[in-house]
Amino acid sequence: RINDKEALELAGTADADTVDARGLSEAISGTEPRYSFFRHVRSVEGEMKRDIVFIYTCPPGSKVKERMIYATMKRWACKAASEAGGFEVSKRLEASSPEEITAEMIEEEFQPKQEVKQGFSRPKRPGRR
């Protein structure tokens, strides 16, 4: 979180190691903007992957000054945490409230995107006047 002196400070939860994707929305503050890092464990072709997800939540009822500061500093906070922690952020998510962050939403982010190809459609000929 960002404190009163506009400095970034770590505000962990007591059960941070045991929070899974389903309980993530309860672990994030619903009254103040927050930056959260979540370790998402998934299996890819039988191999366990541990990806770090950066989550930025900004409830609509938060103070305007807080919203401005958090929105401005989110890239810097992600970079600073990555450098200090020695990890790389795999995905970045944004939500207006913690309730929007669900296990399904996180899983969808790691699914390969299906590309739908459309053929070229000729433009219609201009009409006569």
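This briefing covers confidence, cysteines, one backbone feature and salt bridges. The model is predicted. The protein chain has an average pLDDT of 81. A whole-structure search returns 3 salt bridges, and the number of disulfides is 0.

**Confidence**
- In the protein chain, 88% of the residues reach a pLDDT of at least 70.
- Strand β3 (residues 89-95) has the highest confidence, with a mean of 89.
- Helix α1 (residues 24-27) has the lowest, with a mean of 80.

**Cysteines**
- The structure contains 0 disulfides.
- C58 has a relative accessibility of 14%. This is under the 20% cut-off, so C58 counts as buried.
- C78 is also buried, at 1% relative accessibility.

**Backbone at E45**
- E45 has a positive phi, near 50°, although this residue is not glycine.
- The residue sits in the loop between β1 (34-44) and β2 (47-57).
- E45 has a relative accessible area of 83%. That value is over 50%, so E45 is classed as exposed.

**Salt bridge E32–R34**
- E32 pairs with R34 in a salt bridge, and their closest N and O atoms are 3.0 Å apart.
- E32 is partly exposed, at a relative accessible area of 24%.
- R34 counts as buried, at 17% relative accessibility.

**Salt bridge D51–R42**
- D51 and R42 form a salt bridge with 2.6 Å between the closest N and O atoms.
- Which accessibility class does D51 fall into? D51 is buried, because its relative accessible area of 10% is under 20%.
- R42 has 22% relative accessibility and counts as partly exposed.

**Salt bridge E94–K74**
- The side chains of E94 and K74 form a salt bridge, at 2.5 Å from N to O.
- E94 belongs to strand β3 and K74 to helix α2 (residues 64-85), so this pair ties together parts that are 20 residues apart in sequence.
- Strand β3, which holds E94, is also where confidence is highest, at a mean of 89.
- K74 counts as partly exposed, with 24% relative accessibility.

**Background on the pairing**
- Side chains of opposite charge can pair when their charged atoms come close.

How values were computed:
Residues are numbered from 1 along each chain as its sequence is written. Side-chain values use heavy atoms; hydrogens and water are left out. pLDDT is the predictor's confidence in each residue, from 0 to 100. Helices (H or I, at least four residues) and strands (E, at least two) are DSSP runs, numbered from the N terminus. A disulfide is a pair of cysteine sulfur atoms within 2.5 Å. Buried means under 20% relative accessible area, exposed over 50%, partly exposed in between (1.4 Å probe, protein chains only). A salt bridge is a side-chain nitrogen of Lys or Arg within 4 Å of a carboxyl oxygen of Asp or Glu.
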